Amino acid sequence: MKDTLLLPADYREILGPRETERAILRIKDYFQTNLAFELNLVRVTAPLFVESGTGVNDDLNGIERPVSFPVKHLADRRAEIVQSLAKWKRMALADLGFEPGEGLYADMNAIRPDENPDNTHSLYVDQWDWELSILPEQRNREFLEKVVRRIYDVIRRTEKYICHEYEELSHCLPEEITFIHSQELLDRYPGLSPRERELEACREYGAVFVVGIGAPLSDGKPHDGRAPDYDDWISEIPEGLQGLNGDILVYNKVLDMPFELSSMGIRVSPESLEKQLAAAGAENRKKLYFHRRLLGGELPLSIGGGIGQSRLCMLYLQKAHIGEIQSGLWPEDHLQRCREAGIHLL
């Protein structure tokens, strides 16, 4: 396994562990209150696990294995720890009667056992999963960008708040977020990998939304993998491009890297689901519970995504490792090297 641990030279934590815990609470309370207000969202209780074989769990890139276990009182039918709530949220919109312009968010906790632990990844994932019911005429890039700007405004507002509370912290986010399609990134930096392209864009603009993640680009490869049954990455948008989804990335000055805060997008319609399942060779999923409901017209059109809680706290508190924000399991040499570099993992 490639060693991806980054140890910034002369790193010094700005807030100690106890004050970090207080700051995390302030950030989370402030951010979710403002996000709910900005997008007209209601907080709902989220499941920790769902039944296997229903198509409700998130497949992420399609290769990650969910944690599963037999349930005794269900005749040992298997359940899975959620990897995200991308599909569950859309069913919740329908089942709870949300109208267009109304939405929900949930405090999502997940376990991803195939994750390679490093500065920004751990086995535990905590994020705000949100979903907003929309109208058919809002399934376009203009509306996607409008929602992204609203979310970015909350991200910046929270940064201002926490920097006001702790004068030792400094602002790092630009006033505006820049939109760039993944094909444009490839055209601009043809010799670089997708991650290297993101780094160049983040260094230049400070904050970017990379549009169109999942469909093959001109080199025959997608910018990154996306499951075929939640974000719409196949629908055409202006200039002959594809994709109604993307990632919010900012420049992380502590680690000198692109820093993903959110993966989001307009969700598949029945028509684009058919196309994406065919493109992914996953048409057998049509018989699953979630897919049957979507193809049957039972689920509302929507836009949604996840916003990393620990990632946001890392950014605002200028931490070098996600283990300074959340407790986790780390390789022994990882722990030792971090200690020597002044990075205190929880």
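Student: Why is C163 called buried?

Tutor: C163 has 8% relative accessibility, and buried means under 20% relative accessible area, with exposed over 50% and partly exposed in between (1.4 Å probe, protein chains only). C163 therefore counts as buried. Bear in mind that this is a predicted model, where local features need pLDDT of at least 70 and side-chain atom pairs count only at pLDDT 80 or more, while totals for chains, interfaces and linings use all residues. Residues are numbered from 1 along each chain as its sequence is written, and side-chain values use heavy atoms, with hydrogens and water left out.

Student: How do you know that C163 is too far from the closest cysteine sulfur for a bond?

Tutor: A disulfide is a pair of cysteine sulfur atoms within 2.5 Å. The closest cysteine sulfur to that of C163 belongs to C172 and lies 7.6 Å away, so the two are too far apart for a bond. A search of the whole structure finds zero disulfides.

Student: What makes helix α2 mostly covered?

Tutor: Eight of the 10 residues of α2 (residues 86–95) are buried. They are A86, K87, W88, K89, R90, M91, A92 and L93. These buried residues pack against β5 (103–111), β6 (124–133), α7 (289–295) and β13 (302–308). Helices here are DSSP runs of H or I with at least four residues, strands are runs of E with at least two, and both are numbered from the N terminus.

Student: Which helix packs with α1, and at what angle?

Tutor: Helix α8 (residues 309–317) packs with α1 (residues 17–39) at about 115°, the axes being 10 Å apart. Axes are lines fitted to C-alpha atoms, for helices over the stretch in contact, and angles run from 0 to 180 degrees between N-to-C directions. On the α1 side, the contact (heavy atoms within 4.5 Å) includes T20, I24 and F31, and on the α8 side L312 and Y316 are among its residues.

Student: Why are β2 and β3 said to stand at the edges of their sheet?

Tutor: The open sheet has three strands in the order β2-β4-β3, with antiparallel pairing. Each of β2 (49–51) and β3 (68–71) has a single partner strand, so one side of each is left without a neighbour in the sheet. Two strands pair if DSSP finds at least two bridges between them, and three bridges join β2 to β4 (residues 77–81).
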